[in-house]
Amino acid sequence: MKFGPIAAACLSLALSSVAFAQTTMKISISTAQNSHQGVAIDTFAKEVEKRTGGRYKVQTFYNGALGGERESIEAVQLGTQELAFSSTGPVPNFVPETKILDVPFLFRDKAHARAVLDGPIGQEMLTKFDAKGFKALAWAENGFRHMTNSKRDVKVPEDLKGLKMRTMENPVHIAAYKGFGIITTPMAFPEVFTALQQGTVDGQENPLPVIISAKFDQVQKHLSLTGHVYSPCIFLMNKASFDKLSAADKTAFLEAAKEGTKANRARVDEDDAKGVADLRAKGVTVIDNVDKAKFVAALAPVNAQFEKEFGKANLDKIRDYK
Ligand code: EAX
């Protein structure tokens, strides 16, 4: 069929008006695209575009391109960035109710942590974000955090004494690590590799997926599988941006986040399964038989503080959750 010039003009106008119907939003992470966090936002972005019929497109940014986690969360709260995917490290500065999740040795294993977050305790906690200008779309996962440093093997808590360690900007972590005698330096994640390389700090602590994707084996020779804290991640959206969505699109964003979390958790499991062998092959000394009871005992004074701050009953509710 041949189009006359007028028909062709109408067609191109109609097509271009379809193009105008698409809204682009930004989401950022502080790790590389090839990581458990990268796969989370890539899946999320794909699912949003598919589930909204292309009405929404999510532009993905990696490696702290839009700033560290705290800056990105702040930008989402202000509305200068619609979305962020972040560890809960800096989150207590915005939503203090989440602090309890950072208490060391609170979770038995990933299955326990995922069950708590996906169950009533975690779902109720997501509602606390609304009053602070966020829509928390879904919990996701960073993983169990382990200690790395450039100085020495860490087999017992005493080996931590005097180490200069980078920490997240998280009050619970800072108090706990001081309890080990660590000299703590809170720092945004994008600065960590350089700080380790230059020796500004001796070490840091992160889940295997982060240690691997950030290539910390290039600047850290000692890893101890302390698993001292379980670190969730979270999909956050600016509340006003979420509220403007139609009911169907709200569901699309929430479902897309759930798909992102599924892919994220699968990648954490993959990285955890092969991470130690990979790091050993790269010359990292891995202490994989840490006596956790000794590390728990070393934190007894700090834990007494946490029980006062959060309530023993609330901590036990999480600890005992099946
Ligand atoms: O990308 O700041 C941190 O250590 C967090 O684990 C972050 O998610 C790393």
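**Briefing: cores, cavities and local features of a predicted model**

The lining of the largest cavity consists of 6 nonpolar, 7 polar and 5 charged residues. In this classification Ala, Val, Leu, Ile, Met, Phe, Trp, Tyr, Cys and Pro are nonpolar, Asp, Glu, Lys and Arg are charged, and the others, Gly among them, are polar. The structure is a predicted model, in which local features need pLDDT of at least 70 and side-chain atom pairs count only at pLDDT 80 or more, while totals for chains, interfaces and linings use all residues. Residues are numbered from 1 along each chain as its sequence is written, and side-chain values use heavy atoms, with hydrogens and water left out.

**Cavities**

- A search of the whole structure finds 2 cavities of 30 Å³ or more; a cavity is a set of points on a 1 Å grid over the protein atoms alone where a 1.4 Å probe fits but cannot get out, and lining residues have an atom within 4 Å of a point.
- The largest cavity holds about 140 Å³ of space, a volume being the space filled by probe spheres set on the grid points, which are joined across faces, edges and corners.
- This largest cavity is lined by 18 residues, of which E69, S87, R166, M168 and F189 are the closest to its centre.
- Helix α3 and strand β4 each supply at least two residues of that lining; helices (H or I, at least four residues) and strands (E, at least two) are DSSP runs, numbered from the N terminus.
- The second largest cavity contains about 40 Å³ of space, and its lining includes T148, D217, H222 and V284.
- By class, the lining of the second largest cavity has 5 nonpolar, 3 polar and 1 charged residues.

**Nonpolar cores**

- The largest nonpolar core has 46 residues, and those with the most contacts inside it are F107, F129, L160, F180 and I234; such a core is a set of buried Ala, Val, Leu, Ile, Met, Phe, Trp, Tyr and Cys residues joined through side-chain atoms within 4.5 Å.
- Among the elements that each supply at least two residues of this core are α3 (69-78), α6 (171-179) and β8 (222-238), while β4 gives the most, with 5 residues.
- Apart from this core lies another, of 24 residues, among them I27, L83, A138 and F235.
- Leaving aside residues up to four places away in sequence, F107 touches L101, H112, A113, V116, F144, Y230 and I318, where contact means heavy atoms within 4.5 Å.

**Strands β4 and β7**

- Strand β4 (residues 134-149) pairs with β7 in the antiparallel sense over 4 bridges; two strands pair if DSSP finds at least two bridges between them.
- The bridge partner of M147 in β7 is E205.
- From strand β7 (residues 203-206), G203 and E205 point one way and Q204 and N206 the other way, and all are buried; buried means under 20% relative accessible area, exposed over 50% and partly exposed in between, with a 1.4 Å probe and protein chains only.

**Local features**

- Most residues other than glycine have a negative phi.
- F105, in the loop between β3 (83-87) and α4, has a positive phi of about 55° although it is not a glycine.
- K215, in the loop between α8 (208-213) and β8, also has a positive phi, near 55°.
- K215 counts as partly exposed because its relative accessibility is 45%.
- E270 lies in helix α10 (residues 247-281) and is partly exposed, with a relative accessible area of 45%.
- The C-alpha atoms of E270 and H36 are separated by 9.3 Å, although these residues are 234 residues apart along the chain.

Key. 1 Å grid on protein atoms, 1.4 Å probe; cavity = no way out; pocket = protein on both sides within 12 Å on 5 of 7 lines; lining within 4 Å.
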